[in-house]
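User: I am new to this structure and would like a short tour. Could we begin with the ligand?

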Amino acid sequence: MIDGQIIKAISGFYYVDTGKGIYECRGRGILKKEKVNPLVGDNVKISILDEEEKKGIVEEIYERTTELIRPPIANVDKALIVFAIKEPSLNLSLLDRFLVLAEREGLDTTIIFTKVDLDDERTLDVLKPMYEGCGYHVIPVSTVDNLNIDEVKETLSGSVSVFAGPSGVGKSSLLNEIDENFKLQTGQVSEKIKRGRHTTRHTELHKLETGGMVADTAGFSSLSVDDIDEEELKEYFIEFEDYDCKFGGRCIHENEPKCGVKEAVEAGEISQQRYKSYLQLLHEIREHNTRKY
Ligand SMILES: Nc1nc2c(ncn2[C@@H]2O[C@H](COP(=O)(O)OP(=O)(O)OP(=O)(O)O)[C@@H](O)[C@H]2O)c(=O)[nH]1
Ligand SMILES: [Mg+2]
Ligand SMILES: [Zn+2]
C-alpha cells in the first residue's frame with residue numbers, strides 16, 4: 001500500500017497523487033459502510049490494482065484537519081470566497097453563510113469581489129469597508145482589467161486553498177490568470193437570467209508554481225447552516241467578539257437588555273447588514289430545531 005492525496009473526484013472515481021503518478025481509484029466498500037465519503041484533499045492509503053494502468057483502491061483515509069461539505073474538500077487552510085459585484089447579482093446572505101461555515105472550520109478566509117470592471121454603482125465602496133470592518137481580508141479583482149491578480153497570487157502562495165462561490169462569478173477565470181497552464185474551462189453567464197451555467201462540475205486541486213495548492217470547485221447557490229447550534233452561531237460573526245453584554249457569553253444578541261452587540265449596531269460600529277444576516281440565520285436555525293422535535 002502507498003500513501004497519496006486525492007486531487008480530484010468525479011462520479012465515484014478518486015484521482016490519487018502518490019508522487020509517483022496519479023492513480024484512478026474506487027473507494028473500498030468498508031468506507032461506504034462506515035459512511036465516510038472520501039473528499040478531495042484527503043490524505044489516503046491506496047492499494048494498487050494495476051501498476052501499468054495506474055488503477056487502485058482507496059483503503060483508508062487519514063484524519064482531516066478541516067472539512068467542508070460545500071464545496072466538498074478536506075485539509076485546506078485557506079478559503080477564498082469569491083462573489084461577483086454583479087452578473088450574477090450579489091447575494092450577501094449566501095456570502096455570510098459561507099463565512100459562518102468557514103469560521104466554524106477555523107479557516108483563514110479572504111473575500112474576493114470579482115467583475116469590479118462592471119461596478120458602475122460603486123457597490124465596492126460600501127462592501128469593502130463593511131467586510132474589512134469585520135476583520136476580513138478583501139480583494140477586489142477584475143480579470144478584464146487585470147486588477148489585483150498579484151495580490152491573489154500572494155495570498156495563495158505556499159498554502160492549500162479553496163476557491164468557493166456561486167456559479168458564474170469567475171472562479172475558474174481568475175485561476176486561469178493566476179497560472180496560464182491551468183487552462184480551466186469557463187462559461188458565459190446567461191444573458192436573460194444573469195446566472196452562471198455550472199461550468200465547473202467537480203472539485204480539483206492544482207499545484208501552484210509558488211508552492212502550495214489551490215482547488216477550483218463547482219458553484220453553489222444555497223448553503224444550509226441548520227446543523228449549527230443557536231448559541232454557537234454568534235461565535236462565527238467574528239466582529240461581535242469585541243463587545244461585552246450584560247449576560248456575557250449567554251447573550252445571543254437578540255432581545256437581551258444591555259447587549260453590547262445591539263448597541264454597536266445602533267452606533268454604526270457593527271454593520272446593520274451583517275446583524276440582519278445574523279438574525280436571519282438565527283431564526284432559520286431556531287425554526288429548524290422546532291420542527292425537529
Ligand atoms: N466583466 C467581467 N467578466 C468576468 C470577469 N471574470 C470572469 N468573467 C466572466 O464571467 C463568466 C463566468 O466565469 P467562470 O470563470 O466560468 O465562472 P465560475 O465561477 O468558474 O463558474 P462555475 O464554474 O459555473 O462555478 C465568464 O464569461 C467570464 O468571462 C471579470 O473580472 N469581469
Ligand atoms: Mg468554474
Ligand atoms: Zn449581546
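Analyst: Helix α5 (residues 171-178) contributes the most to the shell around ligand 1, with three residues. Helices (H or I, at least four residues) and strands (E, at least two) are DSSP runs, numbered from the N terminus. This is a predicted model, in which local features need pLDDT of at least 70, side-chain atom pairs count only at pLDDT 80 or more, and totals for chains, interfaces and linings use all residues. Residues are numbered from 1 along each chain as its sequence is written, while chains are lettered from A and ligands numbered from 1 in the order in which they are written.

User: Which of the 25 residues around ligand 1 come nearest?

Analyst: They are Gly 170, Ser 173, Thr 186, Thr 200 and Gly 219. A residue is near a molecule or strand if its C-beta atom, placed from the backbone, lies within 6 Å of it.

User: How do the residues of that shell divide into nonpolar, polar and charged?

Analyst: The shell around ligand 1 has five nonpolar, 16 polar and four charged residues. Here Ala, Val, Leu, Ile, Met, Phe, Trp, Tyr, Cys and Pro count as nonpolar, Asp, Glu, Lys and Arg as charged, and the others, Gly among them, as polar.

User: Changing topic, what domains does the assignment give?

Analyst: The chain is assigned domain 1 (2-61), domain 2 (67-216) and domain 3 (233-292); the bounds come from an automatic or database domain assignment. Between the centres of domain 1 and domain 2, taken over C-alpha atoms, there are 28 Å. Their contact takes nine residues from domain 1 and 11 residues from domain 2, two residues being in contact if their C-beta atoms, placed from the backbone, lie within 7 Å.

User: Which strand gives the most to the domain 1 side?

Analyst: Strand β1 (residues 2-10) does, with four residues on the side of domain 1 that touches domain 2. That side divides into five nonpolar, two polar and two charged residues.

User: And what does β1 pair with?

Analyst: Strand β1 pairs with strand β2 (residues 13-17) in the antiparallel sense over five bridges, and Gln 5 stands opposite Asp 17 in β2. Four bridges also join β1 to strand β4 (residues 43-50), again antiparallel, with Gly 4 opposite Val 44. Two strands pair if DSSP finds at least two bridges between them.

User: Why is strand β9 described as largely enclosed?

Analyst: Six of the seven residues of strand β9 (residues 108-114) are buried, so the rest of the structure largely encloses it. Seven bridges join β9 to strand β8 (residues 78-84) in parallel, and Ile 81 has Ile 111 as its bridge partner.

Definitions and conventions. Buried ≥ 20, exposed ≤ 12 C-beta atoms within 10 Å, placed from the backbone.
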